[in-house]
Amino acid sequence: MAAEAEPFVKVGGLGDVAGSLPLALRRLSVDVRLVLPLHGVIREQGLALQPVCEFDIPYKKKNLLVKVSSLTWEGLVVYFVDGPLIPPDAPVYSRDHLADAAKYAFFSIAALRLAQELGWQPDILHANDWHTALAVYAMKQNQANDPFFTNTCAVIGVHNLPYLGNGSKSLLNAFGLRPAAHPLLPKWARTLPLPLGLLTADRIVAVSPGYAREILTPQYGSGLDEFLRTRADVISGILNGIDLENWDPETDPCLKKQYSARSLDDRNANREALQAEVNLPVDSKVTLMGMVNRMDYQKGMDLVPEALIDLSRRSRKPPPEWQIVILGTGDAEIEAHTKRLETRFPSRVRVVTRFDPGLSRMIFGGADLIIIPSRYEPCGLTQMIAMRYGCVPLGRSTGGLKDTIIDYDTTGESTGFLFEEAAPQSLMDGMIRAFKAHRDRKAWRELQQRGMAQDFSWNRSAAQYLKLYQEVLN
Ligand code: NHF
């Protein structure tokens, strides 16, 4: 169960994962089925959905009608849940957290009931983030009275811990659920979907081993670290994968010239094309940096302007020659603040604040360095995609970034650069290290090639999920 899944609906990384993992599991012969809300954006696509069933679920003192339709996509059965609390004109995530809470509580309970309506008894219910965490809680709460789910185990995926599902308090009662009374769960968390899911799931899976450890600390634990430490024995981390066919510099049609690890000279054409596309001086000597990031606090976007200004103030010999192309949308204030850099550095900085998948591919295929200054990063897909394209990552040493980037050294293992603090100075120091390394073009090429040789495929991750499911069932 997920709030979003590619190719039907994608807002962020959860959509990538919930779209790719089920297909990868199917390739391992798992009978997996995906359930999504019938969001407005899915409705608009005019998909050939087949009606499946209709049923009522109790809500307050009345019933709500659930309508389910489905399609089969690449062999995977996908169900779409529709009903009065899933408004056709609402975005996937809105600013109205009460409406979102109601929508996802309804979806969770309806999706759970769907299995019963279908008579399809799952071995594993795999929910993701706060949106579907109530399904885990509801199943566990009713398990004693409901033989249908007696043998079903619950796994909850944590893609972003701080989003707990505020606004759900009255919904528990409305859907006939009792708040948790468990003494280990802080009082304030006893009516929030994600904590309830974390309390009752048989296994908790963070999207990287590093993030699985971090959520046990006060810095990353969103106030739940003490409680999570009591559940440490059921918490683990599995790194997400990327779709290697979709992200392939040998076939990517958005690139001026396709290339592989053996033909990295061809990459220069993409570098020039990127500079020309955004109207920066076409210059082969500069270190060309890129960013493809949501413009928000989590992603550390606000650290970038100060780091670049500090960088330009430094008198160094030789002076660093750099350019940067920043692509992303999000927080209006952060967008405006970042955009101002163009006026300050007209021949060095371009900031593109629109959704542009083609340009993001040109950045991966043309930039030397990708900057990922996240304050926290449960997994992160950007660094994996960038490495596949020979675009060397400079990321903050946290979560999945730390798990996937081997920091630069001269021993011949490294795949990128890491910096420690979520602070402009630390980011700038990382940039300076990378610029210096970039001057040694032979060593740089080897760095690119090592990144390109990493295995970030879904097959590897899906095999780990299958092993985990089997462990839970045993
Ligand atoms: O990759 C999918 C994504 C992660 O780090 C990412 C995030 C949200 O913040 O698991 O979820």
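A polar contact here is a pair of N or O atoms within 3.5 Å; within protein, one of the two must be able to donate a hydrogen and the other to accept it, and residues adjacent in sequence count only if both atoms are side-chain atoms. With that in hand, look at S20, whose side chain makes a polar contact of 3.3 Å with the side chain of W458. S20 is found in helix α1; helices are DSSP runs of H or I with at least four residues, strands are runs of E with at least two, and both are numbered from the N terminus. S20 is also buried, at a relative accessible area of 17%. On this scale, buried means under 20% relative accessible area, exposed means over 50%, and partly exposed is in between, with a 1.4 Å probe and protein chains only.

A word on what you're looking at: this is a predicted model, where local features need pLDDT of at least 70 and side-chain atom pairs count only at pLDDT 80 or more, while totals for chains, interfaces and linings use all residues. Residues are numbered from 1 along each chain as its sequence is written, and side-chain values use heavy atoms, with hydrogens and water left out.

K299 and E377 are joined through their side chains by a polar contact of 2.9 Å. K299 is found in the loop between β9 (287-292) and α10 (303-313). Despite being a loop residue, K299 counts as buried, at 12% relative accessibility.

Now for some empty space. Rolling a probe the size of a water molecule over the atoms shows where empty space is left. A pocket is an open set of points on a 1 Å grid over the protein atoms alone, where a 1.4 Å probe fits and there is protein on both sides within 12 Å along at least five of seven lines. The second largest pocket holds about 660 Å³ of space, a volume being the space filled by probe spheres set on the points, with grid points joined across faces, edges and corners.

At least two lining residues come from each of α1 (13-27), β1 (33-37), α3 (97-118), β5 (124-128) and α18 (458-473). By class, the lining has 27 nonpolar, 6 polar and 3 charged residues. Here Ala, Val, Leu, Ile, Met, Phe, Trp, Tyr, Cys and Pro count as nonpolar, Asp, Glu, Lys and Arg as charged, and the others, Gly among them, as polar.

What about the cysteines? A disulfide is a pair of cysteine sulfur atoms within 2.5 Å, and by this rule the count comes to 0. C254 is partly exposed, with a relative accessible area of 33%, whereas C379 is buried at 2%.

To finish, take a look at some backbone details. The peptide bond from E6 to P7 is cis, with omega near 0°, and P7 lies in the segment before α1. E74, in the loop between β3 (62-73) and β4, has a phi near 45°, a positive value in a residue other than glycine. E74 counts as exposed, at 60% relative accessibility. S222 also has a positive phi, near 50°, and is placed in the loop between α7 (209-214) and α8 (225-230). With a relative accessible area of 27%, S222 is partly exposed.

Note on methods. On a 1 Å grid over the protein atoms alone, a cavity is a set of points where a 1.4 Å probe fits but cannot get out, and a pocket is an open set with protein on both sides within 12 Å along at least five of seven lines; lining residues have an atom within 4 Å of a point.
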